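Colleague: Could you take me on a close look at one part of this model, the packing of a helix pair, and then show me how it sits within the rest? I would like the working definitions as we go, please.

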Amino acid sequence: MNRAALFVLADGRFPAGGHAHSGGAEPAVAAGRIRDAETLKDFCRGRLHTAGLVAAALAAAAAAGHDPLQLDEAADARTPVQALRTTARKLGRQMMRAARATWPSTDLDQLATARPQGAHQPVVLGLAARSAGLAPLDAAYAAAYETISGPATATVRLLSLDPFDATAVLARLAPELDQTAAAAADAARRIPDEGLDALPAASAPLLDITAQHHAAWPVRLFAS
C-alpha cells in the first residue's frame, strides 16, 4: 500500500476541478446560514454527516473493488436532485482525467469507456485510490475531507473569512471526520453480505433544494 499517495489525492491542488465548486456554501452564504466561523462549522458538520458519509462510503466501496457501474447507479439513487447529479458527473469526469494521468489503470480506463459523460465523483475517487494503491479507508477519508474542505475554502472567498478561522473549523471537525470515514469503510465491508443496501443513504434536503436553485442563478462565483 502506498499511503503517501493519499496526500496527493486529498490535496486541494490536485487538478480534479473541486476549486470551482463551493459544496453548497455559496447559496448558504447568500441565505445568511453561513455568516462566520461558527456557522461554517455547523454547515460543514451537517454536510459531513450526510453528503460526506454517502460519498465516503461510495469511494470506499470502489476502492475495495466493488463494481463501479453498480456503485454509480447507487450514487444516482442517493442523489435525487438533477443539479447535484450533473455536478457529481462533471467532477467525476475531471477527476477521471486527473487520475488517469496520475495513476493509469485498466479499472479507470474501463469506467471512462462505460461512462464517457462522467461517473459520480466519489466512485471515480475510489477507483483512483485503488489505482494508487490506497485502502478503502483512505478513499473514505479523502472523500469525506473533500466535502468539508471545499465549503471552508469557498467561504474564505465568499465572506472574506480569515483563512486561519476556516482552517480551525476543519481541525475541530477532525474527530467527526475520523468517525465518518470509519463508518463509511465499515459500510463498504458489509456489501458482500448485505448488498449495496449496506451503503448509507443519508439525505440533506436543504442542500438539495438550494443546489437546484443555485444552478439557475444567472450570476454566481462557483459552479455549485
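Modeller: Happy to! Of the contacts (heavy atoms within 4.5 Å) that link residues at least 6 apart in sequence in the protein chain, 80% join residues at least 24 apart. Bear in mind that this is a predicted model, where local features need pLDDT of at least 70 and side-chain atom pairs count only at pLDDT 80 or more, while totals for chains, interfaces and linings use all residues. Residues are numbered from 1 along each chain as its sequence is written, and side-chain values use heavy atoms, with hydrogens and water left out.

The protein chain has 12 helices and 0 strands, both being DSSP runs numbered from the N terminus (H or I over at least four residues for helices, E over at least two for strands). Its radius of gyration, taken over C-alpha atoms, is 16 Å, close to the 17 Å that the globule rule (2.2 Å times the number of residues to the power 0.38) gives for 224 residues, so the chain is as compact as a globular protein of that length. Along the principal axes, the C-alpha atoms fill a box of roughly 45 × 35 × 35 Å. Of the 224 residues, 50% are buried, that is, under 20% relative accessible area with a 1.4 Å probe and protein chains only (exposed is over 50%, partly exposed in between).

Now to the pair. Helix 6 (residues 106-114) and helix 7 (residues 121-131) pack at an angle of about 155°, and their axes are 9 Å apart. Axes here are lines fitted to C-alpha atoms over the stretch in contact, with angles from 0 to 180 degrees between N-to-C directions. The two helices are therefore roughly antiparallel (over 145 degrees; under 35 is roughly parallel, 65 to 115 roughly perpendicular, the rest oblique). On the helix 6 side, Asp107, Leu108 and Leu111 meet Val123, Val124, Leu127, Ala128, Arg130 and Ser131 of helix 7. These contact residues divide into 6 nonpolar, 1 polar and 2 charged, where Ala, Val, Leu, Ile, Met, Phe, Trp, Tyr, Cys and Pro count as nonpolar, Asp, Glu, Lys and Arg as charged, and the others, Gly among them, as polar.

Ala184 is 60 residues from Val124 in sequence, with their C-alpha atoms 16 Å apart. Ala184 belongs to helix 10 (residues 174-189) and is buried, at 0% relative accessible area. Beyond its neighbours within four places in sequence, Ala184 contacts Leu53, Ala56, Ala57, Ala60 and Ala140.

Thr79 sits between helix 4 (68-77) and helix 5 and, at 14% relative accessibility, is buried. A polar atom of the Thr79 side chain lies 2.7 Å from the backbone oxygen of Ala75. His21, in the loop between helix 1 (5-10) and helix 2 (25-30), is buried too, at 13%. Not counting residues up to four places away in sequence, His21 touches Thr87, Leu91, Gly150, Phe222, Ala223 and Ser224.

Notes
A polar contact is a pair of N or O atoms within 3.5 Å; within protein, one must be able to donate a hydrogen and the other to accept it, and residues adjacent in sequence count only if both atoms are side-chain atoms.
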